[in-house]
Amino acid sequence: MPWEGTPKLPVGVEQLENQVAGHTAAQGCVGLLKTSNNDGTILKPTGKVLCGIREIAFYERLEDVQKNADIQTDADAVDATRASFELLNRIVPRYYGHPKLTIEGKVMEFIQLEDLTDGFEQPCIMDVKIGRRTWDPLATPEKRKAEESKYKACRQRFGLCIPGFQVFSHRCGGQLIRHGKDYGKKLTEVNIRDAFLLFLNASEDGKLQRNLIETFLQELILIESWARKQTSFRLYSSSVLLLYDASRLESNILEHRNIKGLNRNHKERALDMRSNWVKARIIDFAHAFPAEEGTDSVDDNYLQGIASLVGFFRQFLASDIN
């Protein structure tokens, strides 16, 4: 059902009900859309012109790398860059182009992406914004000041924040619980773990299903591995989207794997053993900038945040929750 005050959509598309952060239909914006025939994709509005151009360019550069993956080269630096891009292709949603729609007489451009919740009966979704600094190099002083004031406690301590999430709570009989930015702004280093425990369907005594934590950790380690090596981008205001299907919590019995100290072979095997009901993907590249020419360093701002996120899940696992 559309929210009151939202634009009238053309035939063939409808609001995506599972959007948990960003400019949503509930706020009177177009928000994320999906096709009425549920083709397994979503449509993300490009928003401001420059932001849309940057995000489309980001996805299309990844697509170009994918197409040229078989081209041989002897240059070690080029090979390393290509390997980084190939891994990145596996930890972002699949890209299907940038169609345009006319909405209330206005032509709008969208980015068509994989619907990461396709096939989920009870999609639990958390948007974790990564980075202590969320403003990009082109931000005005006013924008910078506004960004620095948001989610300050968690961003400064952990290099991340939680703008929103939804969970089908088993403790509440499968009830859908949603929390947005107002909830996220109240989180601190003292209570942020409570938000994760709520999202991860912890029992009343704080215990979680070990297979869920292990599978999330496996996914997140791939992202952290990419962040520890990549020198091509600086990501600002990008997020990691955590997703799982709560309807499959009880029915899935996964092999327990030793997550700590994964070596390269373990990481490569993890890419081939990824779950279809637990996912972590990098999203939102409207503020993705190329690293300055000649720069050969990693994106420390991003790395701090993803390392903190991995740290939370390692702590949950180390607590021997079951």
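1. In the hairpin formed by strands E7 and E8, five positions deserve a first look: there are 5 residues between the two strands, and Gly173 takes a positive phi near 70°. The model is a predicted one, in which local features need pLDDT of at least 70 and side-chain atom pairs count only at pLDDT 80 or more, while totals for chains, interfaces and linings use all residues. Residues are numbered from 1 along each chain as its sequence is written, and side-chain values use heavy atoms, with hydrogens and water left out.

2. Strand E6 (residues 123-130) is joined to E7 by 5 bridges and runs antiparallel to it, with Lys129 standing opposite Cys161 of E7. Strand E8 (residues 175-179) is likewise joined to E7 by 5 bridges in an antiparallel arrangement, and the bridge partner of Phe165 in E8 is His179. Because 10 of the 10 residues of E7 are buried, this strand is largely enclosed by the rest of the structure; buried means under 20% relative accessible area, exposed means over 50%, and partly exposed lies in between (1.4 Å probe, protein chains only).

3. How are the rings of Phe165 and Phe199 placed against each other? Their centres are 6.1 Å apart and their planes stand at 80°, so the pair is edge-to-face. Rings of Phe, Tyr and Trp (its six-membered ring) pair if their centres lie within 6.5 Å, and planes under 30 degrees apart count as stacked, over 60 as edge-to-face and the rest as tilted. The pair links distant parts of the chain, since Phe165 belongs to strand E7 (residues 160-169) and Phe199 to helix H6 (residues 192-199), 34 residues apart. Both Phe165 and Phe199 are buried.

4. Another edge-to-face aromatic pair is that of Phe313 and Phe316, with 6.0 Å from centre to centre and 80° between the planes. Both residues lie in helix H9 (residues 300-318), where they are 3 residues apart, about one turn of the helix. Phe313 counts as buried at 0% relative accessibility, and Phe316 is also buried, at 8%. A search of the whole structure finds 18 aromatic pairs, and one aromatic cluster includes Phe165, Phe199, Phe313 and Phe316, among other residues.

5. Helix H9 has 19 residues and reaches 26 Å from its first C-alpha to its last, close to the 27 Å expected at 1.5 Å a residue; the expected span is 1.5 Å times one less than the number of residues. Gln304 lies in this helix and, at 25% relative accessibility, counts as partly exposed. The C-alpha atoms of Gln304 and Gly131 are separated by 6.8 Å, although the two residues are 173 residues apart along the chain. Leaving aside neighbours within four places in sequence, Gln304 is in contact with Arg132, Gln156, Arg157, Phe158 and Gly159, where contact means heavy atoms within 4.5 Å.

6. Helix H7 (residues 210-229) has 20 residues and reaches 29 Å from its first C-alpha to its last, close to the expected 28 Å. This helix is mostly covered, with 17 of its 20 residues buried. Asn201 is placed in the loop between H6 and H7 and counts as buried at 13% relative accessibility. Among the residues that Asn201 touches, not counting those up to four places away in sequence, are Cys124, Val167, His170 and Tyr244.

7. Elsewhere, 5 strands form an open sheet in the order E1-E2-E3-E5-E4, with antiparallel pairing. Strand E1 (13-15) and strand E4 (100-103) stand at the edges with a single partner strand each, so one side of each is left without a neighbour in the sheet. Strand E4 is joined by 4 bridges to strand E5 (residues 106-114), and the two run antiparallel; in E5, Val107 is the bridge partner of Thr102.

Technical notes. Pairing = 2+ DSSP bridges.
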